[in-house]
Amino acid sequence: MSGPLTLFKEKHIRYIQSLDTRKHNFEYWLTEHLRLNGIYWGLTALCVLDSPETFAKEEVIEFVLSCWDTKCGAFAPFPRHDAHLLTTLSAVQILATYDALDILGEDRKIRLISFIRGNQLEDGSFQGDRFGEVDTRFVYTALSALSILGELTPEVVDPAVEFVLKCYNFDGGFGLCPNAESHAAQAFTCLGALAIANKLDVLSNDQLEEIGWWLCERQLPEGGLNGRPSKLPDVCYSWWVLSSLAIIGRLDWINYEKLTEFILECQDEKKGGISDRPENEVDVFHTVFGVAGLSLMGYDNLVPIDPIYCMPKSVTAKFKKYPYK
Ligand code: 3PZ
Ligand code: ZN
């Protein structure tokens, strides 16, 4: 076996820090429509690497608030852009990580909650915004944000759970919508949504067994995981698959040693950061999901991550005490 066998923690911290400096904006940082998501990915990676103070907390919070879309009453990816559920979840996750949700104030909080609830459709599914596509990603996004805000209610949760169950396939996987092909990222959004709703018990033991099999069959001989059968491995699937297995209590169905080696081979030894597969260009998305996957496998003193929320366990412990209003 060749390749680097340790995690270059300091390099990754410096890489994420480099993304925060405005001068490199264009080359290194994400385009505007991904900026707030990118800050959440960077901050979460820094938390897992035990270095959250690498970002200037006050500046980050100020940026989050500058993304508030007054028209929609939710968060956009960048100032003066339009609000979306995905960026709203990132904003809520960032503020919760900094224990700064109170900065929203009552007025913004009320509008935020009605934005999220207002995107739910008759069948329990959610759209990302009022023009948007509908799929299980947004069910997860909405339930996660409401749960972090302490605003989960049965009126929202029960139809959402119904919808998620319709996306379960007989092969043991989950699709984007009913009858859609199984995909590992959808296993995470569906199982995550059920876990947040505290409704994992709607799945039978046989179903859990099938799901576990479908997930662990994502591991390829080279150690990495793919998103569906006969696709290439990709570091971000370490997260979608491992978190799903963790949620159903079957993490040990994966070969840790081989997956760890695959993730470590995706590091850029010089500038830091992790890529989707060996030799490719690194980005902050694969960096966070790479280190988060390693954390779930208990790798070398990484800070424990919550498989349901993809946030440090020390943060989620606070709102998980009170799952429902
Ligand atoms: C990536 N998005 O649609 S995206 C994302 N992908 O905004 C962010 N694995 O050009 C980064 N592929 C890199 N930094 C990739 C987020 C995608 C996922 C694409 C990808 C990941 C393989 C091809 C969807 C949460 C939010 C969004 C997604 C998943 C989870 C791209 C392509 C797409 C996107 C961004 C950049 C490489 C980073
Ligand atoms: Zn990927």
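The charged end of arginine 218 sits over the ring of tryptophan 214, 4.5 Å from its centre, where a charge counts as over a ring if NZ of Lys or CZ of Arg is within 6 Å of the ring centre and within 35 degrees of the ring normal. Lysine 11 is placed over the face of phenylalanine 8, at 5.7 Å from the ring centre.

This is a predicted model, in which local features need pLDDT of at least 70 and side-chain atom pairs count only at pLDDT 80 or more, while totals for chains, interfaces and linings use all residues. Residues are numbered from 1 along each chain as its sequence is written, chains are lettered from A and ligands numbered from 1 in the order in which they are written, and side-chain values use heavy atoms, with hydrogens and water left out.

**Aromatic pairs and the core**

Twelve aromatic pairs are present in the structure; rings of Phe, Tyr and Trp (its six-membered ring) pair if their centres lie within 6.5 Å, and planes under 30 degrees apart count as stacked, over 60 as edge-to-face and the rest as tilted. An edge-to-face pair is formed by tyrosine 309 and phenylalanine 319, with 4.9 Å centre to centre and 75 degrees between the planes. This pair links distant parts of the chain, ten residues apart, with tyrosine 309 in the loop between strand E3 (305–306) and strand E4 (311–312) and phenylalanine 319 in helix H14 (residues 313–320); helices (H or I, at least four residues) and strands (E, at least two) are DSSP runs, numbered from the N terminus. Both tyrosine 309 and phenylalanine 319 are buried, a term for under 20% relative accessible area, with exposed meaning over 50% and partly exposed in between (1.4 Å probe, protein chains only).

One aromatic cluster is formed by Trp41, Tyr140, Phe188, Trp239, Trp240, Phe285 and Phe289. The largest nonpolar core has 114 residues, of which Phe75, Ile94, Leu143, Trp239 and Trp240 touch the most other members; such a core is a set of buried Ala, Val, Leu, Ile, Met, Phe, Trp, Tyr and Cys residues joined through side-chain atoms within 4.5 Å. Helix H9 (residues 184–196) gives the most to this core, with ten residues. Not counting residues up to four places away in sequence, tryptophan 240 touches Ala184, Ala185, Phe188, Phe285 and Phe289, contact meaning heavy atoms within 4.5 Å.

**Two helices**

The expected span of a helix is 1.5 Å times one less than its number of residues, and the table sets the two helices against that value.

| Helix | Residues | Expected span | C-alpha span, end to end |
|---|---|---|---|
| H11 | 235–247 (13 residues) | 18 Å | 19 Å |

Twelve of the 13 residues of H11 are buried, among them Tyr237, Trp239 and Trp240, and what covers the buried residues includes H9, helix H10 (205–216), helix H12 (256–265), helix H13 (284–296) and E3. Glycine 249, which follows H11, has a positive phi near 70 degrees.

H5 is largely enclosed by the rest of the structure, because twelve of its 13 residues are buried, including Leu89, Ser90 and Ile94. Just after H5, aspartate 99 takes a positive phi of about 55 degrees.

**Polar residues and loop positions**

Asparagine 37, found in helix H3 (residues 35–48), is buried, with a relative accessible area of 10%. Leaving aside its neighbours within four places in sequence, asparagine 37 is in contact with Leu86, Thr87 and Ser90. The side chains of asparagine 37 and serine 90 are joined by a polar contact of 2.9 Å, that is, a pair of N or O atoms within 3.5 Å; within protein, one must be able to donate a hydrogen and the other to accept it, and residues adjacent in sequence count only if both atoms are side-chain atoms. Threonine 287, in helix H13, counts as buried because its relative accessibility is 0%, and it touches Tyr15, Ile16, Gly273 and Ile274, not counting residues up to four places away in sequence.

Aspartate 50, in the loop between H3 and helix H4 (57–66), has a positive phi near 65 degrees and is exposed, with a relative accessible area of 56%. Asparagine 198, in the loop between H9 and H10, has a positive phi of about 60 degrees although it is not a glycine, and asparagine 198 is exposed, with a relative accessible area of 56%.
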